[in-house]
Amino acid sequence: MPGDMTCRQSPLSDSPAAGQGEPLQILVAHDSRVVRAYLQSHLEKAGYGVVQAGSPDEALSLLTSSIRIVILDLGLPEMNGMTCLRHIRERHPDLPVIMISTSLETAHAVQAMKYGAFDYVTKPFDPEKILALIREASRTDLVTGKQQQAGGTPETVYENETVMASRIRRALLPGGVPRELNGLKAGCLNIPSVLIDGDFYDLLAVNETCTDLIMGDVMGKGIPAVVLGASARQHFARALYHHTRSSDHSSLPRPEQIVASVHRDMIGSLTELEMFFTLCYARIDTEKNLLSYVDCGHMRTIHFHHDTSTCTLLQGVNMPLGFPGQDHFNEVLVPFAPGDLFFFYSDGLTEARGPKGQFFGEERLERFIRNNGHLEPQGLCDAALREVAEFSRSESFSDDFTCLAIRIVSPETMEEQAPQWVLDIPADLNHLDRVRDFTREVCMGFGPEVVDEERIKMIQIVATEIVSNIVTHAYRGMSGGNILIEARPTREELIWYFYDRGIEYDFSSAPPPVFDGSSETGFGLHIIAHTADYVRYSRDSTGRNCACVTFFLHRGSPE
Amino acid sequence: MTLTGKIQGSTLIVTALPEFLDAGNAAAFRAEMSRLLGDHGQVIVDMSPVHFIDSAGCGALIAALRHIKASGGTLTVFGAHKQVRRVFELMRMHRIINLFETRQQALDSLRL
């Protein structure tokens, strides 16, 4: 946006902040002239010099050695603020960057901190808070993380630390995981980075049908990160042991309870150390065919569906551990089928760089898993390493490369899972009564004590809404298409598959419903999402759309 | 579908709704409703024959509500079965339509 570029050097002023001599120069990069002027007036009043940039390119071109601190907007146009932050860190590793953003998303804050932002402030920002951060940043040396005037020679300390960290890491963290456990097959790979990260993981059998998996990534490198990672791993093992012993045998402690308990134990020291870690704590229950997980700002786990050869990404909603003010963690439940595979990993995979500096990325990883999800878990991990190494043309990584693949195996239940109920109808709204009759017939098979009349009606409405959506959106009301409905009941759940060959329709892009009476449409997805226990939309390689809806038969588990 | 409209005082009472009000017949319902409504201000709909409603069915009721509101009137509904009430709740219909259990309660509400 060339028209909006302004660059102006502030006049030298009598500067209380900088003490004697020239004022400390701060670069303010924001696309809004108003915001820049607002920050400039506050900073100048406090005695700082301000250089303004209206775009990322301009910001990078203005980074001279006289700039001591950068205030950077995450939402800058063209190149976004996060990319700009990475460029700044590459060229000026010791320059503190304070990110400002309207985004309240945890992922953004975590990512910014990971890319080396000094701190992260959300709008509406308090000038006092920014000034306090500037004062702190101006006293801190980013390479050592220590306050200046601490003395010493950073290079030698740093090299010794790296060797030491590597040794501690080998001593404290596990080399691998069992290849077979509780009807699961596991594969694992962990290649420590040159600088030694704090990745940690564990796989623990809780009882004959439940297996807990822990994967975490401590923000930071060297000895502190390694020790904290190992300590966190111990805390989880201890919390699981403690809670399992103190609860009666029939009810295991929930993953969210275990995470909350570890968080309570560790928050004091994490706050003191000013460290935090991302985490995924998952329980794989092969009796209920259910994965329950608590994700705290970790990379999104990939769920490979054996039946459709498609993937879904398991999103988390919690902040990383070490962020204060959390006493409750949200747990998410995901049903799976035998043959499915879960791929857990650290950012070392997705953030491996290609020769031109581009990331391997989540999308590329998901595509890789989709194409290779049928490999044996260990083979898959090895193939992932080859893929990433080939991409980055390197076998050494700047972050730890950690991945864990878990396959659900139980061939005898595969038989049980074959579709028992099938309905094939023309894609036409006049056939909705057949959808209702079919749904009722399947539900009646369970008896009223498992699926009562009220539940049948709610399952019927979900089926009706899905078929209506397919007719209206996938086939756009055109005749000639058909819809195949399969019902696959198991002991624990009732899974419905709705297949069509209409156009690909992105249900996630549908606008949210308006409830004030001004709109007559757009409620179907809302009803589906709030009535079924689990919904997944996918499209397979043959161009077939699939909506998969699950109802848990025994309530109590989903909530 | 043949809806029936009965005029009682200044109120139009719509009865004989179909057992299933869904995407398959919502358009027909909407057309018949708009013929019946005319410029009646106070309208009561007897939902008791309806055993199943989906979002398209609710959409048709919202269309009727907008028509009635345009002429400054009110839409009152009674006799909704459990499934219908559940869908009304999911669609927050209870916030924009007056809901009553019985015909008498619906009529009484309009006399006040």
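1. Conventions. The model is predicted, and local features need pLDDT of at least 70, side-chain atom pairs count only at pLDDT 80 or more, while totals for chains, interfaces and linings use all residues. Residues are numbered from 1 along each chain as its sequence is written, chains are lettered from A and ligands numbered from 1 in the order in which they are written, and side-chain values use heavy atoms, with hydrogens and water left out. Helices (H or I, at least four residues) and strands (E, at least two) are DSSP runs, numbered from the N terminus.

2. The parallel sheet of chain A. Five strands of chain A form an open sheet with parallel pairing, in the order β2-β1-β3-β4-β5. Two strands pair if DSSP finds at least two bridges between them. Strands β2 (49-53) and β5 (119-122) of chain A stand at the edges with a single partner strand each, so one side of each has no neighbour in the sheet. On average, neighbouring strands of this sheet are turned by 20° against each other, direction ignored. Axes are lines fitted to C-alpha atoms, for helices over the stretch in contact, and angles run from 0 to 180 degrees between N-to-C directions.

3. Helix α5 (residues 127-139) of chain A lies across β1, β3, β4 and β5 of chain A and runs at about 140° to β3(A).

4. The sheet of chain B. Five strands of chain B form an open sheet in the order β1-β2-β4-β6-β7, and here the pairing is mixed. The edges are β1 (4-8) and β7 (98-100) of chain B, each with a single partner strand, so one side of each is left without a neighbour in the sheet. Neighbouring strands are turned by 25° against each other on average, direction ignored. Strands of a sheet pair through backbone hydrogen bonds, either parallel or antiparallel. The antiparallel sense applies to β1(B) and strand β2 (residues 11-15) of chain B, which pair over five bridges; B:K6 has B:I13 as its bridge partner in β2(B).

5. A covered strand. How many residues of strand β18 (residues 401-408) of chain A are buried? Eight of its eight residues are, where buried means under 20% relative accessible area, exposed over 50% and partly exposed in between (1.4 Å probe, protein chains only). One side of β18(A) carries A:F401, A:C403, A:A405 and A:R407, and the other A:T402, A:L404, A:I406 and A:I408; all are buried. Strand β9 (residues 184-191) of chain A pairs with β18(A) in the antiparallel sense over eight bridges, A:A186 having A:I406 as its bridge partner. Strand β17 (residues 341-345) of chain A also pairs with β18(A) in the antiparallel sense, over five bridges, and A:L341 stands opposite A:R407.

6. Helices α13 and α14 of chain A. Helix α13 (residues 432-444) and helix α14 (residues 453-474) of chain A pack at an angle of about 140°, with their axes 9 Å apart. That makes α13(A) oblique to α14(A), since angles under 35 degrees count as roughly parallel, over 145 as roughly antiparallel, 65 to 115 as roughly perpendicular and the rest as oblique. Residues of α13(A), including A:V435 and A:R436, meet residues of α14(A), including A:I456 and A:I459; contact means heavy atoms within 4.5 Å.

7. The loop residue A:V451. A:V451 lies in the loop between α13 and α14 of chain A. A:V451 is buried, with a relative accessible area of 2%. Leaving aside neighbours within four places in sequence, A:V451 is in contact with A:C443, A:F446, A:I456, A:I459 and A:L553. The C-alpha atoms of A:V451 and A:R440 are separated by 10.0 Å, and the two residues are 11 residues apart along the chain.

8. Helices α10 and α11 of chain A. Helix α10 (residues 362-372) and helix α11 (residues 377-392) of chain A pack at about 140°, with their axes 11 Å apart; they are therefore oblique to each other. Among the residues of α10(A) that meet α11(A) are A:F368 and A:I369, and among those of α11(A) are A:L380 and A:F391.
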